[in-house]
Amino acid sequence: MKVAIRDDDTCYFTSPDALSRVYGDVWDRIPVCLATVPFAIGYQRVGIPREHWQSSEAFPLERNAELTAALDELIASRRVTVALHGYSHQDFPDGFEFQAAPDPERRVGDGLRYLRGLLRTDVSVFVPPHNALSKRGLSAVASAGLDILGSFLSFRPSMRAWDASTLANWWRVRRYRAATGRAKSDRFVYPHVLRYADHAEFGCHSLVPGTTLEELVAGFEEARRAGGDFCLATHYWEVSDAMKQVMLRLLDHAARYADVRLVAAEELFAS
Ligand SMILES: [Zn+2]
């Protein structure tokens, strides 16, 4: 069984200290997949200075030289891997970036080229900002050859182009839902990779304020019973001491099993 960690929103506004505060005693146990924004535009959240909440100015990652130097070292020592997390992470009046931007194809292409060039590392995974993807956004990401790490995505034809694998995937998810006694409206994380013609998808368990260790252990044990894998997703900028304890205890729980491997998130997609 594979267990991975994804952390969102590393960008120009991130200080290396903010990452090491959360992961300094984690990334030696398990590599952390940093879902990184290449050209961040500010919005209202903890850790982004108020003057950038509305400024619409895009900040290339490299303008934070302290961060890119830290990332170089963390990548070289295999403590982190880098995923693409949107292009600017900006919110549009009618949706999130990969639902509403007029040019998702360009954003994926340019963002990918930029991160790969700046950090001299492979980037093979996309994390949608706010876990939100339109049909066109999904196609743009898949066409670029990226796998998607995110919450469960819809099978509605308005939300995804169907290919030869889609029907079988729909059936697998439907069968899993029935086997675990869930209604259509019940939220859950499907614990296996779903492979499509040009990409693959895997869902994550969120660690947000209020998430309990019991909830995550239940999700882990369910994935384990199903012969699946497990990925935890969080945001370094909202990880409190209490959340950090939940993360550590979950890793302790997982590490008790001899067959559990703590891996980089990219490895979840390995066949
Ligand atoms: Zn984000």
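Donors of a metal ion are N, O and S atoms within 2.8 Å of the metal. The views below show a predicted model.

View 1. Three residues supply the protein donors of the zinc ion: Asp 9 through OD, His 85 through NE2 and His 89 through NE2, lying 2.1 Å from the ion. Along the sequence, the donor residues follow the spacing D-x75-H-x3-H. Distant parts of the chain are linked by the pair Asp 9 and His 85, which are 76 residues apart. Asp 9 belongs to strand S1 (residues 2-10), whereas His 85 lies in the loop between strand S5 (80-84) and helix H3 (97-100).

**View 2. Burial of Asp 9 and His 85.** The relative accessible area of Asp 9 is 3%, so this residue is buried. His 85 likewise counts as buried, because its relative accessibility is 1%. The cut-off for a buried residue is under 20% relative accessible area.

**View 3. The crossing of helices H7 and H8.** Helix H7 spans residues 213-225 and helix H8 spans residues 241-255; their axes come within 10 Å and cross at roughly 30°. H7 is therefore roughly parallel to H8, as angles under 35 degrees are counted in this way. The crossing of the two helices, H7 and H8, is right-handed.

**View 4. Residues in the contact of H7 with H8.** On the H7 side, the contact is made by Leu 213, Leu 216, Val 217, Phe 220 and Glu 221. Helix H8 contributes Val 246, Arg 249, Leu 250, His 253 and Ala 254. Sorted by class, the contact of H7 with H8 comprises seven nonpolar residues, one polar residue and two charged residues.

How values were computed:
Residues numbered from 1 in each chain as written. Predicted model: local features only at pLDDT ≥ 70, side-chain atom pairs only at ≥ 80, totals over all residues. Heavy atoms only, no water. Axes fitted to C-alpha atoms, helices over the stretch in contact; angles between N-to-C directions. Helix = DSSP H or I, 4+ residues; strand = E, 2+ residues; numbered from the N terminus. Parallel < 35°, antiparallel > 145°, perpendicular 65-115°, else oblique. Left-handed = near helix turned anticlockwise from the far one by under 90°. Contact = heavy atoms within 4.5 Å. Nonpolar A, V, L, I, M, F, W, Y, C, P; charged D, E, K, R; others polar. Donors = N, O, S within 2.8 Å, 3.2 Å for Na, K, Ca; no water. Buried < 20%, exposed > 50% of the residue type's maximum accessible area, 1.4 Å probe, protein only.
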